Amino acid sequence: MRELQDDAVVLRTYKSGESDRIAVLWTRQHGKVRVLARGIRKTTSKLGGTLEPLAYVNVHLVKSRGDLYIARQVQHRERLTTLRSSYARINAGYAVVEVVDAIPSDDVADEGIFDLLARVLLTLDNPEFEPSLVPASFFFRLLAHDGSEPVVDCCVNCGREGPLVAFDAQVGGTLCSECRSGYSISPEALALVRRILGGDLGAVLKEASPPGTGEVMTLASDSIEQHFGRRLRAARSTAPLSPLPTDR
Ligand SMILES: [Zn+2]
């Protein structure tokens with residue numbers, strides 16, 4: 001395809017040459033694409049400020065050499081000013097785009113992933129919602145999208161309903177005391193992960209730090225790492241929080 005116009009989320013960017021930048025995008029209908037933004041690091045560039053990590057944009061691209069596209073026009077779909085005003089929200093966003101960037105599916109479009117990604121950005125931009133459990137809930141949604149959602153309503157090994165005392169991402173969910181492996185899970189964390197997976201996410205994200213939050217973040221990161229088979233740096237970072245990296 002010579003030209004394309006599509007909605008996209010910027011996963012990451014890196015410098016190229018004197019004043020150019022390459023942006024890696026997840027597009028709605030064309031999967032992951034790499035885009036060269038010529039002159040974008042000059043103060044006069046009309047693309048300035050558009051192809052930044054976590055930007056939600058509409059792009060008009062023209063094919064260049066190899067699999068690289070050139071950015072002709074880029075417009076914000078949403079400015080995401082609340083997201084950008086908070087390191088906690090920005091870092092939650094980074095944890096999400098890093099995982100999407102690790103999905104081994106170049107050139108394979110997946111509109112479901114785009115929709116999840118766009119919804120994450122809008123959630124992080126909404127001051128009603130707390131950011132801390134957004135990455136964990138996104139990881140579970142992404143696993144469900146791939147048909148790999150962890151089992152949390154019974155023992156994944158023997159099917160017993162409880163008591164469930166452990167979680168093992170390698171086995172794929174919660175375990176009873178007979179079958180236990182992985183690490184212990186508290187009743188609070190079990191209740192929380194069931195709420196997230198069971199359709200109560202909107203209410204969960206309005207709570208500042210519900211009991212079990214730390215455990216759920218860890219088991220969500222473990223599950224997504226297990227799924228993609230490598231360690232994901234941002235998925236694991238819970239700590240605050242350095243200023244935004246800049247390549248200008
Ligand atoms: Zn069991």
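Which residue in β5 does Val 57 stand opposite? I looked it up in the predicted model. Val 57 stands opposite His 76.

I followed the pairing of β4 with β5 next. The two strands run antiparallel and share 8 bridges. They form a hairpin, and I counted 4 residues between them. In that turn I noted Gly 66, whose phi is positive at about 55 degrees.

I then checked β3 against β5, which spans residues 68-78. This pairing is parallel and rests on 3 bridges. I looked for the partner of Arg 34 and found Leu 68 in β5.

Between β3 (31-37) and β4 (56-63) runs a loop that holds Leu 54. I stopped at Leu 54 for its backbone: phi is near 75 degrees, a positive value in a residue that is not glycine. Most residues other than glycine have a negative phi.

**Entry: β6, β7 and β8**

I moved on to an open sheet of 3 strands. I read its order as β7-β6-β8, with antiparallel pairing. β7 (173-176) and β8 (183-184) are the edge strands, each with a single partner, so one side of each has no neighbour in the sheet.

I took the β6 to β7 pairing in detail. β6 covers residues 164-168 and is joined to β7 by 4 bridges, the strands running antiparallel. Opposite Asp 168 I found Gly 173 of β7.

I also checked the loop between α4 and β6, where Pro 163 sits. The peptide bond from Gly 162 to Pro 163 is cis, with omega near 0 degrees. Most peptide bonds are trans.

**Entry: α2 against α3**

I turned to the helices. The axes of α2 and α3 come within 10 Å and cross at roughly 170 degrees. That angle makes α2 roughly antiparallel to α3.

I listed the contact residues. α2 brings Arg 89, Ala 92, Gly 93, Val 96 and Val 100. α3 answers with Ile 113, Leu 117, Val 120, Leu 121 and Leu 124. By class I get 8 nonpolar, 1 polar and 1 charged.

**Entry: α2 against α4**

Helix α2 (residues 87-101) and helix α4 (residues 134-145) have axes that come within 8 Å and cross at roughly 25 degrees. α2 is therefore roughly parallel to α4. I noted the crossing as right-handed.

On the α2 side the contact uses Ala 92, Ala 95, Val 96 and Val 99. On the α4 side it uses Val 134, Pro 135, Phe 138, Phe 139 and Leu 142. I sorted these residues by class: 9 nonpolar, no polar and no charged. Ala 92 and Val 96 turn up in the α3 contact and again in the α4 contact.

I found 16 residues of domain 1 and 17 residues of domain 2 in the contact.

Which helices each supply at least two residues of the side of domain 1 that touches domain 2? I found α2 and α3 (111-124). α2 gives the most, with 7 residues. By class, I recorded this side of domain 1 as 11 nonpolar, 3 polar and 2 charged residues.

Key. Residues are numbered from 1 along each chain as its sequence is written. This is a predicted model: local features need pLDDT of at least 70, side-chain atom pairs count only at pLDDT 80 or more; totals for chains, interfaces and linings use all residues. Axes are lines fitted to C-alpha atoms, for helices over the stretch in contact, and angles run from 0 to 180 degrees between N-to-C directions. Angles under 35 degrees count as roughly parallel, over 145 as roughly antiparallel, 65 to 115 as roughly perpendicular and the rest as oblique. A crossing is left-handed if the near helix is turned anticlockwise from the far one by less than a right angle, and right-handed if clockwise. Two residues are in contact if their C-beta atoms, placed from the backbone, lie within 7 Å. Ala, Val, Leu, Ile, Met, Phe, Trp, Tyr, Cys and Pro count as nonpolar, Asp, Glu, Lys and Arg as charged, and the others, Gly among them, as polar. Two strands pair if DSSP finds at least two bridges between them.
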